[in-house]
Amino acid sequence: MKIRLCYLVPFFLLLSCKHTSNPHQPLSGENYSEISELKLKGVVYDLYSPLFPQYHGYGIVRINIVQSNMEFYDPRNRLDEYLLLIKNKKAELYQPTALLTIGDTIEVDMQNKRIIYFSKLTNKLESYEPRIYDKIFYEHIDERDQQKL
């Protein structure tokens, strides 16, 4: 039986791809304990969305903070994966960006493990449980100098 080269090349390419079965995980343990009481409200002023499909829509949501019970949070020296950074009345939230636009109001309510925002794109209130992406996403944004806080 003769196997054509055109069938083998895609097969070996598929085998060589690195794939994580579940690249985003719920908040737990050390990536949650320090922010478990966080309540933050703000307005989206910038979005960074990598053009690579392996990040499943995750990007950086940059927020001007209107109200927060936490002034500073930066776990980068302790954690490889984290939900957000807070500094100087600004926040960088590492979550999906597809339904967000600049000017949207967003709320991070960690007591109830919810991120809530009004989307101008869908014209409705969206709410979901925040999740943490794999370390590879954070390496990507670090390599491209995308963290501004």
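Buried means under 20% relative accessible area, exposed over 50%, and partly exposed in between (1.4 Å probe, protein chains only). The views below come from a predicted model, in which local features need pLDDT of at least 70, side-chain atom pairs count only at pLDDT 80 or more, and totals for chains, interfaces and linings use all residues. Residues are numbered from 1 along each chain as its sequence is written, and side-chain values use heavy atoms, with hydrogens and water left out.

**View 1. An open sheet is built from 7 strands.** The strands follow the order S4-S5-S3-S2-S6-S7-S8, with antiparallel pairing. At the edges are strand S4 (84–87) and strand S8 (124–128), each of which pairs on one side only. From one strand to the next, the twist averages 30 degrees. Strands (E, at least two residues) and helices (H or I, at least four) are DSSP runs, numbered from the N terminus. Two strands pair if DSSP finds at least two bridges between them.

**View 2. Strand S2 pairs with strand S6.** S2 (residues 39–48) and S6 (residues 105–109) are antiparallel and share 5 bridges. Gly42 stands opposite Ile106 in S6. The side chains of Lys39 and Asp109 also meet, in a salt bridge of 3.4 Å, N to O. Lys39 lies in strand S2 and Asp109 in strand S6, 70 residues apart. Lys39 counts as partly exposed because its relative accessibility is 34%, whereas Asp109 is buried, with a relative accessible area of 5%. A salt bridge is a side-chain nitrogen of Lys or Arg within 4 Å of a carboxyl oxygen of Asp or Glu.

**View 3. Glu34 and Arg78 form a salt bridge between distant parts of the chain.** The N to O distance is 2.5 Å. Glu34 is in the loop between helix H2 (30–33) and S2, and Arg78 is in the loop between strand S3 (58–68) and S4, 44 residues apart. Glu34 is partly exposed at 39% relative accessibility, and Arg78 is partly exposed with a relative accessible area of 45%.

**View 4. Arg76 forms a salt bridge with Asp74.** Their closest N and O atoms are 2.7 Å apart. Arg76 counts as partly exposed because its relative accessibility is 30%; Asp74 is partly exposed, with a relative accessible area of 22%.

**View 5. Met110 is found in the loop between S6 and strand S7 (114–119).** Met110 counts as buried because its relative accessibility is 0%. The C-alpha atoms of Met110 and Tyr32 are separated by 8.5 Å, although these residues are 78 residues apart along the chain.

Notes: Axes are lines fitted to C-alpha atoms, for helices over the stretch in contact, and angles run from 0 to 180 degrees between N-to-C directions.
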